[in-house]
Amino acid sequence: MSESITLTDAGLLPEDLLPDVSHLVTEDDEPLDNLPSEKQQRLLTETLYSSWNGASNAQGFLVAANVGLFPSSKQPPIVPDVFLSLDVQVAENWWEKRHRSYFFWDFGKPPEVVIEIVSNREGNETGRKILEYARMRVMYYIIFDPTRQLRGEVLQMYELRGRQYIPMSEQWLTEVELGLCLWEGTYEGKRDVWLRWCDATRNMIPTGAERAEQERLRAELERLRAELERLRAELEREAKETALQRAERLAAQLRALGVEPEV
């Protein structure tokens, strides 16, 4: 009879049964991306860390760019442009090789969302990658194709149903409580059409800079409201003083005519 394996409370393999990762290539020194893709990746990652509290029932999240996903120690990783995983935490000793990448046996699950940003036709986003992500059981697969390299829609969203991806008719990711929207605007000085996270009412999740500007405008609005109230109070006081002065002048005129004014 084979010996049974007991998982830890977190649903992970015990440490003595973890695969050996010393032979795995978790990162390399070759440049990976172009300037537009790099900025788009940062927009998607920085936004969530700046302004999102995570899904309602999730204990933390991890969003990262250009980090390898290792479903097995016996096969090479796939490296999405961006991924989002709920209910996970990065290890304290994250410089150790066994914690530097997204090893499924270490985090206990695949990410919920992967995003591929298309800049050429070499990535095979609708071929090899869509099959690999489905095998990994990634719940949502997103393709952002701003220059229409794949001759399809700029934004393509898929949800895993059974063992294959089905195109989504809506841009809302129910299980992660986030949406994805196309936004034409300026980010870090560059105007373009960007892929942005949004909430259920399609309001953009703000970047740190946008959030700071919103706070500045809110504070300025409060200051203007306070100033307006002060001016109103001052006008009311001046109006009362003017009315009192007019009443006193009229009373004096009446007394000069021998008439005592009624109080």
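Guide: Gladly! In this predicted model, the buried residues of α3 pack against β2 (69-70), α2 (104-107), β5 (113-117), β6 (140-144), β7 (155-161) and β8 (164-167).

Visitor: What makes that packing a contact?

Guide: Contact means heavy atoms within 4.5 Å, and the buried residues of α3 pack against β2, α2, β5, β6, β7 and β8 in that sense.

Visitor: Which residues of helix α3 are called buried?

Guide: Buried means under 20% relative accessible area. In α3 (residues 128-136), Lys129, Ile130, Tyr133, Ala134 and Met136 are the buried residues. Looking down the axis of α3, you find them within an arc of 160 degrees, so they line one face of the helix.

Visitor: And what follows α3?

Guide: Arginine 137 comes after α3, with a positive phi near 70 degrees.

Visitor: How do you know that β7 and β8 pair?

Guide: Pairing takes at least two bridges between two strands. β7 and β8 are joined by 4 bridges and run antiparallel, so by that cut-off they pair. In one of these bridges, glutamate 159 has isoleucine 166 of β8 as its partner.

Visitor: Why are β1 and β8 said to stand at the edges?

Guide: The open sheet has 6 strands in the order β1-β3-β5-β6-β7-β8, with mixed pairing. β1 (61-65) and β8 each have a single partner strand, so one side of each lacks a neighbour in the sheet. On average, neighbouring strands here are turned by 20 degrees against each other, direction ignored.

Visitor: Which strands does helix α1 lie across?

Guide: Helix α1 (residues 35-51) lies across β1, β3 (82-86), β5 and β6, and runs at about 165 degrees to β1.

Definitions and conventions. Residues are numbered from 1 along each chain as its sequence is written. This is a predicted model: local features need pLDDT of at least 70, side-chain atom pairs count only at pLDDT 80 or more; totals for chains, interfaces and linings use all residues. Side-chain values use heavy atoms; hydrogens and water are left out. Buried means under 20% relative accessible area, exposed over 50%, partly exposed in between (1.4 Å probe, protein chains only). Helices (H or I, at least four residues) and strands (E, at least two) are DSSP runs, numbered from the N terminus. The arc is that of the directions from the helix axis to the C-beta atoms. Axes are lines fitted to C-alpha atoms, for helices over the stretch in contact, and angles run from 0 to 180 degrees between N-to-C directions.
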